[in-house]
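Hello,

Here is the structure I promised to pass on to you. Please open it alongside this message, and my notes follow below.

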Amino acid sequence: MNGLMMDYQLTIDSVLRRAETYFATKEIATRQPDKSWHRYNYREMAQRAKRLGLALKKLGVKKGGTKD
């Protein structure tokens, strides 16, 4: 990628991987519809995202969103 600002593609995968690597213990707080708070950290978020990816793969979803 000569001449570009980044040395790598700015994809969701790379953003999540960076968050897990550099901010693993930083808290993420989200507001639920019932107005309660859900709190977890970037490491837990990355684990959930990986489990989701594996589940989608088992269902036959391929890179780019296509299915077998």
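**What turned up in the model**

Tyrosine 8 sits in the segment before α1, the helix that covers residues 12-23. Please keep in mind that this is a predicted model. Tyrosine 8 counts as partly exposed because its relative accessibility is 39%, between the cut-offs of 20% and 50%. Together with Met5, Met6, Leu10 and Val15, Tyr8 makes a nonpolar surface patch of about 560 Å².

For the overall layout, the chain has two helices and two strands, and their order along the sequence is α-β-β-α. The chain has 68 residues, and 13% of them count as buried. Its accessible surface is about 6,300 Å², with 55% of that belonging to carbon and sulfur atoms. If you take the contacts between residues at least 6 apart in sequence, 11% of them join residues at least 24 apart.

Serine 14 itself lies in helix α1, and it counts as buried because its relative accessibility is 10%, under the 20% cut-off. The side chain of serine 14 also reaches the backbone oxygen of threonine 11, at 2.9 Å.

The other residue I would point you to is asparagine 41, in strand β2, which runs over residues 37-41. Is asparagine 41 buried or exposed? With a relative accessible area of 16%, asparagine 41 is buried, since the cut-off for that is under 20%. Not counting residues up to four places away in sequence, asparagine 41 touches Ala24, Thr25, Lys26, Glu27 and Ile28.

Asparagine 41 also has a place at the start of α2, where a side-chain oxygen of asparagine 41 comes to within 3.0 Å of the backbone nitrogen of arginine 43. Its side chain reaches the backbone nitrogen of glutamate 44 as well, at 2.8 Å.

Helix α2 itself takes in residues 42-58, which is 17 residues. At 1.5 Å a residue it should span 24 Å, and its end C-alpha atoms are 24 Å apart, so the two values agree. After α2 comes glycine 60, whose phi is positive, near 100°.

I hope this gives you a handy way into the model.

Best wishes

Note on methods
Residues are numbered from 1 along each chain as its sequence is written. This is a predicted model: local features need pLDDT of at least 70, side-chain atom pairs count only at pLDDT 80 or more; totals for chains, interfaces and linings use all residues. Side-chain values use heavy atoms; hydrogens and water are left out. Helices (H or I, at least four residues) and strands (E, at least two) are DSSP runs, numbered from the N terminus. Buried means under 20% relative accessible area, exposed over 50%, partly exposed in between (1.4 Å probe, protein chains only). Contact means heavy atoms within 4.5 Å. Accessible areas come from the Shrake-Rupley method with a 1.4 Å probe; for residues, only the protein chains shown count as cover. Patches are made of residues with over 30% relative accessible area and no salt bridge: like charges are joined within 9 Å, nonpolar side chains (Val, Leu, Ile, Met, Phe, Trp, Tyr) within 5 Å. A salt bridge is a side-chain nitrogen of Lys or Arg within 4 Å of a carboxyl oxygen of Asp or Glu. A polar contact is a pair of N or O atoms within 3.5 Å; within protein, one must be able to donate a hydrogen and the other to accept it, and residues adjacent in sequence count only if both atoms are side-chain atoms. The expected span of a helix is 1.5 Å times one less than its number of residues.
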